[in-house]
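Here is a short briefing to read alongside the model. Please keep the viewer open as you go through the points.

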Amino acid sequence: MTRKNTIVAIAIASTLLVGGFAFGRLADTPKTNAAEENKAALTQPSPSASPLSDQAAKEDKQFYLSDFKTGYNDGYNAGLNSDSTALATTQRPGYNDGYKDGYTDGYKARMNQPQTVVTSARPNRVVQREVVYRSAPAARKRNSTLKTVLTIAAPAAVGAGVGGAVGGGKGAGVGALIGGGGGALYHLIKNRDQ
């Protein structure tokens, strides 16, 4: 193999390797970009909004927050004292939301208090047990077989095409091996934690 052919082969191999990584990145793009852009567009104020509507929106927000705080305090006390008869049934959404959040936090605080248990063997011995909650481990994300095949096969096909154009049949085989190797390397690096 001449020096020129060696340089061409190295250039093709590095191009295929980089192409495999690039294709893998393109195949794994998140599909939520459009939803995020729509959400951002909805949250930005419209240029035609008048100062009066902005002022009214601020007052509504302040009223909601003060109502939320009041409802939260009432709900927290009800949850802490296990008062399940008091429910938030007002027409004010801020108060109702605050009451629900406060009741939940008060209930959790009540459940996390140490429980006192008196054993029957020794009546004067007091044992404190603390309630411990453990969350379940998160489910492992699995790759689909189609994505794995595409991540490896697409760079191999591109490598075979470029190698066939430069070096004929033997070049196509070498290009396919290098491209597939690059795609496989990308797949292994990306999924090394699984």
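Let's start with a single side chain: Y99 is buried, with a relative accessible area of 7%. Buried here means under 20% relative accessible area, exposed means over 50%, and partly exposed is in between, using a 1.4 Å probe and protein chains only. This is a predicted model, in which local features need pLDDT of at least 70 and side-chain atom pairs count only at pLDDT 80 or more, while totals for chains, interfaces and linings use all residues. Residues are numbered from 1 along each chain as its sequence is written, and side-chain values use heavy atoms, with hydrogens and water left out.

- An α-helix has 3.6 residues a turn, so residues three or four places apart point the same way.
- The whole structure holds 5 aromatic pairs, and Y99 with Y103 is one that is stacked, at 6.4 Å centre to centre and 20° between the planes.
- Rings of Phe, Tyr and Trp (its six-membered ring) pair if their centres lie within 6.5 Å; planes under 30 degrees apart count as stacked, over 60 as edge-to-face and the rest as tilted.
- Y103 is partly exposed, with a relative accessible area of 24%, whereas Y99 is buried at 7%.
- Helix α4 covers residues 93–111, which makes 19 residues, and its first and last C-alpha atoms are 27 Å apart, close to the 27 Å expected at 1.5 Å a residue.
- That expected span is 1.5 Å times one less than the number of residues in the helix.
- The buried residues of α4 are G94, Y95, N96, G98, Y99, G102 and G106.
- K108 also sits in helix α4 and is partly exposed, with a relative accessible area of 49%.
- A further ring cluster joins Y64, F68, Y72 and Y76 through ring pairs.

- From K108 to G79 the C-alpha distance is 8.0 Å, although 29 residues separate them in sequence.
- N81 belongs to the loop between α3 and α4, and at 56% relative accessibility N81 counts as exposed.
- N81 and G106 lie 25 residues apart in sequence, with their C-alpha atoms 8.1 Å apart in space.
- How many salt bridges does a search of the whole structure find? There is 1 salt bridge, and it is made by the side chains of R92 and D67, at 2.9 Å from N to O.
- This pair links distant parts of the chain, 25 residues apart: R92 is in the loop between α3 (51–80) and α4, and D67 is in helix α3.
- A salt bridge is counted when a side-chain nitrogen of Lys or Arg is within 4 Å of a carboxyl oxygen of Asp or Glu.
- Are the two partners buried or exposed? R92 counts as partly exposed at 35% relative accessibility, while D67 counts as buried at 8%.

- V8, V158, V162 and V166 form a nonpolar patch on the surface, with about 290 Å² of accessible area together.
- Patches are made of residues with over 30% relative accessible area and no salt bridge: like charges are joined within 9 Å, and nonpolar side chains (Val, Leu, Ile, Met, Phe, Trp, Tyr) within 5 Å.
- Helix α5 (residues 145–190) gives the most to this patch, with 3 residues.
- V162 is found in helix α5 and is partly exposed, with a relative accessible area of 34%.
- A160 lies in helix α5 too, and counts as partly exposed at 24% relative accessibility.
- Leaving aside residues up to four places away in sequence, A160 touches A172, G175 and A176; a contact means heavy atoms within 4.5 Å.
- A160 and A176 are 16 residues apart along the chain, yet their C-alpha atoms are separated by 4.2 Å.

**The chain as a whole**

- The protein chain has 5 helices and 2 strands, arranged along the sequence as α-α-α-α-β-β-α.
- Helices (H or I, at least four residues) and strands (E, at least two) are DSSP runs, numbered from the N terminus.
- Of the 194 residues in the protein chain, 16% are buried.
- Among contacts with a separation of 6 or more, 67% come from residues 24 or more positions apart.
- The protein chain exposes about 14,600 Å², and carbon and sulfur atoms supply 59% of it.
- Accessible areas come from the Shrake-Rupley method with a 1.4 Å probe; for residues, only the protein chains shown count as cover.
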